[in-house]
Every structure is written in C-alpha cells, then in structure tokens.
Amino acid sequence: MGHFAQSARALVRLAGLLLLALAASPAAAQADAPPVVAAASDLQVALVEIAAAFTGETGRSVRLVTGSSGNFSRQIRQGAPFQLFLSADEDYVRDLARDGFTRGEGALYAVGRVAIVVPGGSPLVADGTLDDLKAALADGRLVKFAIANPEHAPYGRRAEEVLRHRGLWDAIRPKLVIGENVSQAAQFAASGNAQGGIVAYSLALAPQLAVRSTFALIPEDWHSPLRQRMVLLRNAGPVAEAFYDYLRTPAARAILARNGFAVPGEGG
Amino acid sequence: MDWTALELSLRLGVFTVAVLLPVGIALGRVLAYRDFPGKSLAEAAVALPLVLPPTVFGYYLLVAFGAASPLGQFWQAAFGRPLVFTFEGLLLASIVFNLPFAIQPMQRGFEAIPPEVRAAAGCCGMSPWQALLKVELPLAWPGILTAMVLTFAHTLGEFGIVLMVGGSIPGETRTVAVAIYDRVQAFDDASANAMSALLLAISLAVIALTFAFSRRVGRRLG
Amino acid sequence: MAGLEVELRQEAPIPLDAAFACAPGEVLALVGPSGSGKTTILGAIAGTYRPREGRVAVNGDTWFDAGAGTFLPPHRRAVGMVFQTYALFPHMTASGNVMAALGHLPPGLRPGRAAELLARVHLAGLEQRRPAALSGGQQQRVALARALAREPAVLLLDEPFSAVDKATRLRLYREIAELRAELDMPVVLVTHDLDEAAMLADRLAVLHRGRTLQTGTPEEVVTRPASAEVARLIDQRNVFDGQVIGHDAVRAVTMLDWAGHRLEAAFNPAWSQGSAVSWIAPDGFVVLHRRDRPSRGEHENPVPGVIETVLAIGQTAHLTLRPDHDPRLPLHFSVPLHVARRNAVAPGVAATVSLLAEGIHLMPPAA
C-alpha cells in the first residue's frame, strides 16, 4: 500500500478517536452545567472563597468570570449567558434593569473602598492622603502609575475622581498605565512594573498582593460611593438563585467584611 | 493547570481542522488550478486574517453574529442559545480566521503538481475523483499536512478574537490562551506558568513539524 | 471510418485551423515551429483541451463535436499520451505508473501486465524504481509503456525525443521503429525536427500558427511543397520568385524567367504563360560542375556564379553560390567533402552549378 494511503488511514483513525473522546467529555454536556456568574474584578479573592463555602454547604457549584463591570454590562446586552451579575457600580445594574435584561433591580451586597498600593522596593510610600504621590510627581520619582480603565471600570472611575480631587490628574495623566479591570491594574502595581497604583481595597488585602506590597486607604468622601449591586439575569436558574440568596447570608457577609468590604446591615 | 481549558482548546483545534480540511482542499485546488476574473481579490480575501489585527476581526465578527445581527437572532431563535459567548460561535470565528492557514499551504501543495502530471492522470483513464485520490492528494500531501498543523497551532494560540467573541466563560469559551490571561489577573502565577510552558512546547513542536514536512515536499517531487 | 479524423477551428486564445486524418497503423508527424499549436492539437485529441469548433472522431466514435455539444473528457477517451516532460507520477514506481493506466483490468492481473509492458520497452528489472532513479531515456520508455497500457485507440507522442541526448535518440528511433510493427492504431507524433519526422513518420502535416498548410509523405512535402511558406517552414532555402515565360509541349519543358536568367523546368501547363510563381530547387537537384573540365553547354540550367561560403560538417561541404546574373539570390547546396576538395572549392572561386529541371518545383507566388 502506498505511503500516503497508510498515513491517511492512521490519521483518520486517530482523528476519529479524538473526536469521539472530545464529544463524550463532560464539558460537552450543557444541560446541567454550573451557572456562570459575572463578577467585578475586585471580588477576585472574596468570591472564590464564598463560592467554595457555597459548594461546601449545598454541594452545588458555580462558574466564575471576573472582569470590569462596564465590560460585563455590554456583554450582557449582547446576549452573554451569565445568570448572575455582581457589579461594582449599581448604575450598571439599574440601566440593565430598566432595559429589561434583569429580574428586578437586585440587591446591594457591599460597599467598596479604594486604596493606594505600593510594591516593595518602590520609591513611593503608601500614603493615603496622596501627599507623597504629589511629591513624587514633582521630584520625578514617579514614572508609571496604575489605575483601572475609568471608562468602564468603577474602581478606575473612582481613582480618577480621587486624583482630580487632589489636583493631580493632569500631572499624572501622561504616566498612567491603564488596566482593563481593577485586577489587572493591581497586577501592574504589585509586580513592580508601575511604582504604585490606586486599586480596590479588597485586592490590596489579598494575600498574593499583601506579601509583596503595602497599601493605605483613601478617604471615602473623595469619590462617589462604590455601591456594589448584584442582580439575577432573566434566564437565571435555581442554582444561581440559591447563590444569590447565599450571598446575603451572614457567612457570606463575614467573608466580604474580611476582604475589606462594608456590608449592608453594618451601617452601609 | 486548567484541564477544562486545555480540553476546550484541543476541541476547538480539532473541530476547526476537521471542517477546514475538506474546505481547504476544495478551495486550495480551485485557486491552484484555475484562473478566473477576481482571483486576486479572492486570494486577498483569504489572506486577510493574516494581516488584519485580531481586534478588527473580532469587532466585525461581533457585528456579523452578535445578538443584534440577523445571523445571531436566527441562531438564538433556532437553538435557544446565542452565537456569541458560546463554543459554536467560537468555532465559527475560528474557521473564518484560520482560512489562510488552511488554504495557502494546501494551494501551494496543489500548485507544485505539474499540470502535465494532472493531465496524464486523465489520459491514464482516471476519473477526476480517482485522480484526486491517487495522484493529487499524495503529491499535495505535505502541503495539506502543513496546513492542518498550522491551523491547529494557530487555533490553540488565538487570544484576541476568542476573548472578544467568546468572553472567558469557563468550560465554554475559556481556552488555554484566555485562561493564562485570567490566571495572571488572579495572581495565580503557578497556573499561568504551567499553561504557558505547555503552549510554548506545543508551538515549538508545530514549527519543527512544519519545517520537516516542507522539506519532504521537495524530496517527493524531486 | 477507421482511424483518427481531426478537424479544429478557433480564433482565440490559440488560433487553430487544422484538418487531417491518420489511419490505423500509420504514423503522422505534426511538424512546425514552436508556438504553431502542435501541443494544443494533441490536447484537443486527448481531451485535455476544448477548442471552440471542430470534430475529433476515432474509429467512428465521436470524441468531440462542437456542433453537437459532445465532449468526452480524457478518461473516457481510449487515448494513450506520452507527454513532452513524460509526466510520470513521481510518487509511484515504474510498475505503479503503468498500473495506474490498467484500471480496466482486475487488480490481480495488473502487476503481471505492467511487468509485460515494461519488458516490451526493454525495462525489465527496473519495475520497482521511482522516476527520480531513472535516466531520461528510461523515463520516456515508462511513459510509453503507460500510454500503451490502456490499449488506446490512438497513440499521441508530444516531442518525445526533445529532452534526450543524440545517442539515446538514435537508439530510441530504432526501438520505435521495431514497436511500430506491433502498433495497429493511428499514431500522432509532434516534433519540430523535420529530419526526425521524415525518419519516423509515414506522413507529415506542416503546421504554422495552428493551420495545417500541407499534409503528405515526407518526400512529397520536401520536394513538392504546396507554397513558399511551407517551403520555408521545412527549411528549404532555395526559394525564389520567377515568371513563367511559356511552355514547350514537344520538349516537355516549361520555361521560367529567374531575374533575367532563363531556366527550363519540368513541363507543367497548369501555370499560364506570364504568371508569377515561386519556385524551389531542393538540395539534391543542384549539381556542381567539375571545374577542371570546361562547360560544353550540354548541362541543364547552368548557373555561373561565385562561391561565397564553404562550411564543412562531417563528410559534407555546405556551399553558397552567388549567381552572376543576380548576386542577391544565393543558391545553397551541399556536396560530399571529397568532391569539394577535388574541385578546389573555396570562397571567392568562380563555379557553375546545374539546376536539374525535374527538381524545379513551381508554387503560387509568395504573398
């Protein structure tokens, strides 16, 4: 038999086996796949903990996707198959509710804070009043400063508000490194690729960050409040609903509080 | 190591190759053998994904089958799921943006067959189908294999379009490339490292294979 | 009707206006310069090319008829073709190549038959070699065996000897000649080499820009070309203008005026008195006078002149003579080298030749 014929047969057999294996894999079964939860990036650490606790208690699981709230809002409008949306800014939720994508207006689940983060070895100091930042801008210590994208990330918008409040926006603008979401901004800052950044307080507390950086909280009244609202989307199933409810239990709230969030029923 | 993501990437790669194999052979043959008005335009269209920034492509794909488009709405009505943010949508995008990787090497493979050899096949009494199986495919085989290998590797590595059209939905559209991005943002360097090393190894293997096969084209016809 | 009948016409992209027939067992050579459409015509017979108008029929079966819309693709024509580049399948052995054309036999019989065919073309023992491991002459024989394997109704050979060196070519001519005896189908051979055509073919068709200008035996075409154009295509160099002065039925001659010099050609009353003609004097009919014996006026058509060039190639001397009556009309002819030496022929020497009347062939005036 010709060389081509032999290799062709072998290839067809291999391909057949591969296709069979892949078609039969668990990921292909869509019907009872865990629901997808879209969460703002500042919940990166806290939500993983909460989801694990949820699974431990109920035996059900969810799939998490993190990103900027503005991005998710857009994707939901384009038909993204999320069942629950945890936004970092309630305006996005209200807009989606008004346009009929959600079940009602959802609920406030946390209030967030911003902090300035400074990696180890940086010439900056973690000063919550931003006086050091101002000085660093003047004397050239600052080369790059990370924030999330103000256009679609709530924490990015607050970072801009804070910087404007202190009159530093114009000076610092050319030195900004923009993260697609607050997690990426935190990553830029913590890795030392920027001398510092203004990111979510919850991320500054994260172990992976805490071990290589220092932080300081920035006064709340320097920016519009980060009222974080969650909402079930139209096609939400029972597991998503259960998770939505679980997020308002004391157990979940404790986890959120531990991660730097102010939770409702706690003066927020 | 995100095994679900790896499996998803492999599935996307295999299915893309499975669809583009017959499509590439058919179109590669036509482009290799025939001259027709508008041929340059057709070849340019096929080559477009090579030069177009992935985000431009992703944007146009979203316009073409997003929830607001006729195709997207038809799909939603017919199957109850959108085309975007699903594996099927990703597969469709993958098929389109891999066209040059599939078609061009196959076209070169068929072009390398001397026209007299093809004519000789007919003069030997072989029907066009027999000529394809016994003469053309064996001679164009290295080009076809190169095309499949390149398509598979390119699919594994595609990031921008996958993210724009698929989102990063675990088990659905979070391929290895996207998973790496996700793990970096989650400060999970260990995972990101493992998956990156794997993709690097696969890419190197692919390049080595492609070079080995393109040498064989010369030897076979020499 | 048995044999091959071909009639092809088109304006573009390749102009064609050819018509010829080839009987079973006959070898017809299509001769002409490059670009005269010879390969296209073979393609039209084989089915790899589809002309605008015309008809191709073999043994009564119509393979192509533009008017009736009939067109059989090559795999449905019983045709065997040897391509100019042999076009062997590089990924198959010699035996594999021949078996590729044995689709009409049950698989079990194919290897044996392929071995038989290869033996017939003197390639026994080389069945398992790939084309890359065979010499040009061997590849050509595999191509021939493959063409014959199909038991074709027509055998087509496209410049089969052009890529082969001279020694191999001579050997192949002999082998083809042997093979011919067993071939009972029409054979069409394309070549630009007139000598090769003359040696191998029963008849030849002279082609120019896709038109068949003349079809006939090699001897007919060479000594009695139909026109000045054909004469030039077959490399006939002594082509001149002339005018018919008159006819002499008694002496059976036709008198011709050649730029003021009077010639007597074979009697041919078809040309009316006073008509302008072209005429040729083929090489064999130009005879050098012995220089050591003065002319006594008994030679036919003496033409005195001066030798311009002498070119010795092998045992032949190729000469050019500038006639005294009009040096602008040189005569080219050849003599054996010893004759040239004996007559001390050299450039600048005065000499006289005779143009034999039977060789002077009249044609319509050049356009």
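**Reading the chains and their contacts**

Modeller: Chain A holds 12 helices and 10 strands, where helices (H or I, at least four residues) and strands (E, at least two) are DSSP runs numbered from the N terminus. This is a predicted model, in which local features need pLDDT of at least 70 and side-chain atom pairs count only at pLDDT 80 or more, while totals for chains, interfaces and linings use all residues. Residues are numbered from 1 along each chain as its sequence is written, and chains are lettered from A and ligands numbered from 1 in the order in which they are written.

Colleague: What percentage of the 268 residues in chain A is buried?

Modeller: A residue is buried if 20 or more other C-beta atoms lie within 10 Å of its own, exposed if 12 or fewer, and partly exposed in between, with C-beta atoms placed from the backbone. By that count, buried residues make up 48% of chain A.

Colleague: How many residues of domain 1 of chain A are in contact with domain 2 of chain A?

Modeller: There are 18 residues of domain 1 of chain A in contact with 18 residues of domain 2 of chain A. On the domain 1 side, the elements giving two or more residues are α2 (44-58), β2 (63-67), α3 (69-77), β4 (107-112) and β10 (226-232) of chain A. That side has seven nonpolar, nine polar and two charged residues, where Ala, Val, Leu, Ile, Met, Phe, Trp, Tyr, Cys and Pro count as nonpolar, Asp, Glu, Lys and Arg as charged, and the others, Gly among them, as polar.

Colleague: Which of the two pairs of chains that touch has the most contacts?

Modeller: Chains A and B have the most, with 25 residues of chain B in contact with 24 residues of chain A. On the chain B side, α1 (3-33), α8 (128-157) and α10 (176-185) of chain B each give two or more residues, and α1(B) gives the most, with seven. That side of chain B divides into 16 nonpolar, seven polar and two charged residues.

Colleague: And where does chain C stand relative to chain A?

Modeller: Chains A and C do not touch, their nearest C-alpha atoms being 8 Å apart, whereas 20 residues of chain C are in contact with 18 residues of chain B.

Technical notes:
Contact = placed C-beta atoms within 7 Å.
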